Amino acid sequence: MKPVHVALVTLGTLPGLVLAQESVSFTAGQASAGRMMYEQHCAECHLETMLGSFEAPELAGPNFLSYWGGRSVGELFSVATTMPPDDEDSLGDDVYAGVVAYILERNGFPAGARPLTVAAEGALNGATGSPPERTATAPGGRGRGIGGRPGRTSTYVAIVDFKSVSDEELRDPAAGDWLMYRRTYDGWGHSPLDQIDRGNVADLQLAWVWSMDAGVSQPTPLVRDGVIYLTNPENTIQALDGATGNLLWEYRRGFPEGFRGGGFTQLRSIAIYGDKIYVPTKDAALVALDAKTGELVWETDVADFRQGFTNVAGPLVARGKVINGINGCTRFFEESCFITAHDAETGEELWRTFTIARPGEPGGDTWGDIPFELRGGVDAWITGGYDPELDLLYWGTAQPKPWVPASRGMTTEDAALYSNSTLALDPDDGRIVWYRQHVPGEALDLDEVFEQVLVDSNGQKLLFTIGKHGILWKLDRETGQYLDHKETVYQNIFTKIDSKTGAVTYRQDIVDAKVGEWLAVCPSTAGGHNWPAMSFNPPTNSLIIPLSQTCLNISGREMALQVGSGGVAADRTWFAMPDSDGKIGKLAAYDIDTMEELWSVEQRAAFLTGALTTDGGLVFAGDVDRYFHAYDVRTGEELWQTRLGTSVQGFPVAFSAGGEQYIAVTTGLGGGSPRNVVRAITPEIHHPNSGNALYVFKLKSR
C-alpha cells in the first residue's frame, strides 16, 4: 500500500526544505499587527512565551533557529497555513503573513521596508538572535487571589437533596451511578445496568442533547443520583438533570491575567467525593466545588503553568486523598513531572512523587549523564486505578522527551526511569512500592501511559494495560511480575518480546538511529492504542479494546540541551498499516485468561471513544465519522447505530434516573495524534469543525 505522507500539523515539521538565496523581508508594523493575531489564534497552543506545549513546538529560540535558519520562508508559510488544527487555512493571507512576521521578529530577524507576503520565497537568513524588547502581561494570582480573575458560578437550581459520596460508595457504587473516570477503581468501564439489552437496543432513541462550549473536548460525564456533572473546554463544569437535560448550575474557571496555554489540552474527567467536585485546571491548579451549588470551596496551585505544566487527566479520590497526575512536561526545568495527593477537605498537598528518577536516587543512573533539569517528559496524563484490598494505587507514565533518544543525548540502552511504566504507589506517602517498565529507552513517541484495568481471575490479582505499541500487558498486580502479553495490531518495532520476562528487543536500525535519520515503524503515534479506554466485561471474561491500524515515519531533530529548551523535536508522517485494507479503526475483544482475540470489528473510520460495556450484553463505541454504535459483546455483531452532529469522541457512560436507564456520550474535537493521524490518512471523512455536545439516549416509551 502506498504510504500517505502528511506532515504533523504544527509549525516546524517539514523535513528536507529547499534553500532559497534571497533574504526574507517584513515590516515592523506588520510584526506588531501579527503579535495581536498570534495572541488571538496561536498563543493558546504555542504559549505567549512561544515555548510551545504538548505537540505544539517552540517558535522562538535556539531550536527554532537551528531548524529554520537558512530555509525558505515559503516553506514556513506552508506549515503555518495548516493552523489552527481542524480549521486549517482559515485565517486569511494577511493574518498568516503578520503572524509569521511576528515569529521572525521574536527570533531576532530584522524588520525592513518591504512587507512579507505568503508568496515570499526568501531564505531565513540574518537573525541577530536578539529580538526587540517587548512588554508582556505578568501572570497574576489565581481564583480569588489578587491580580487573578475569579471563577464565576451560576446556580439555577440548588441540589438540595444531594447525598454525600462515601469511601464505601466509591468502592462499590450504586448500579445507576458513574462516580469516577471508568466508573470503578478497577478501571472496568462497565455498567451493571441491564434494562437496555441485546433484544431491545434497536429501540434506543435520543432523549435529549446539550450543546457544549467550543474547544478541545473528550470528557467523561459523572453521574450521582441522576445528576450529570459535565466538564466543558476551558474548565467549565455544569450540573445537568439526567432525565430532562435542564441546567442546574455552572462553574466557569477564571484564569490568571496573561494566561495563554493548553490549546491541545482537555480535561478528560473530574472526581466526586463527599459533597465536592474536584477539578484539575488547565493552569495547573486543583479546585474543589460544592456539588450542590457549584460554588468554589477551595483552590490550590499544583505547578507553574508558565513552565508549560497543565492538567488533562482527572483525579482519583482514595481514602480521602485527591490523587492527580500532572501533564505538560516537555520543557527542561528544575521541576519534572509528578503525581500528587491532596487532602480532599482542605486541598493541602500531602505528598509528591516525581516520575523522573533523580541522580543519586534509585533509577537515577538510567538517564546516562543527563542532569535532572534536562530530563523531560514522563507525563502522567491518564487517570490511574486503585485496589482497596492491597491499598495500592496504579498509575501509568509516558515516554521521555524529546521523542528520539539521539535528540535527548541518549540511546535506547538508557532506560530513562520511570518512563513508560506502571507505578504501584502507597497512597499514604506516594512511595513507589513496585514498578514495571514496559518499554525502556522509548524512541518513537509510543508511550505506555494508559488505563490500568484490575481483574481477579483464577486466584490471581491481575493488572492489564496497553499502550501505543498495541501490546496488551498482563501483570501480577501484587508484585508487578510479567505474566503474558498479546500483540493486538501489527508491530515491527521489536524483533523479540521475551515470553518469560516480557523484555523487548528493538530493531537494530532503531537502536542505531541518529538525528535526521528517518525510520518507518508500525504502529504509529495514534496507537495501537491511545486514550480511548478499554472496558472489561465480566460475563464474557473479556477486554474490549479500541485500536488503530496506522504506521509512522519519524526523524529526530537536534535539540539544544539547556534549561528552558525542550519539546518533542521530531518530524513525522503517517501511512495505513500493511494488510489493513485501509481500515484504520479496530474494536476487538480478548479473553483475559488465554489472551486470544475473540472477535474484531474493522472499519475505515477510527474509533474515538472509550468502550462501554453493560450487563445488557452490549458494548458501545463511537467513531470519527459521527457514528455511535452498539455491538453484541459476545460476537461483535452490530445491533444499533446512530449518526451525531460531529465526530463521536469521549467516554460514554450508562446511568439511571427516575427508574430508566440512559446511555450518554459526547461529540468533540481535538485530541492529538488520534485525530491528526486520522485526518492525514482518511481525508475523505469529513465532520463539522464545531458541534461539541452531550447526547443522552433511552428506550422508546411503550
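I started at Pro688, which lies in the loop between helix H8 (673–681) and strand S41. Helices (H or I, at least four residues) and strands (E, at least two) are DSSP runs, numbered from the N terminus. The model is predicted: local features need pLDDT of at least 70, side-chain atom pairs count only at pLDDT 80 or more, and totals for chains, interfaces and linings use all residues. Residues are numbered from 1 along each chain as its sequence is written, and side-chain values use heavy atoms, without hydrogens and water.

I looked up the accessibility of Pro688. At 34% relative accessibility, Pro688 counts as partly exposed (buried is under 20% relative accessible area, exposed over 50%, partly exposed in between; 1.4 Å probe, protein chains only). Leaving aside neighbours within four places in sequence, I found Pro688 in contact (heavy atoms within 4.5 Å) with Arg626, Gly645, Thr646 and Leu669. I also checked Asp387: its C-alpha atom is 41 Å from that of Pro688, and the two are 301 residues apart along the chain.

Next I took the cores. A nonpolar core is a set of buried Ala, Val, Leu, Ile, Met, Phe, Trp, Tyr and Cys residues joined through side-chain atoms within 4.5 Å. The largest has 90 residues, and Tyr229 and Phe620 touch the most other members. Strand S41 (residues 693–699) gives this core its largest share, 6 residues. A second, separate core has 42 residues, including Val439 and Tyr506.

I then listed contacts of Phe620 beyond four places in sequence; among them are Val201, Leu204, Trp640 and Ile663.
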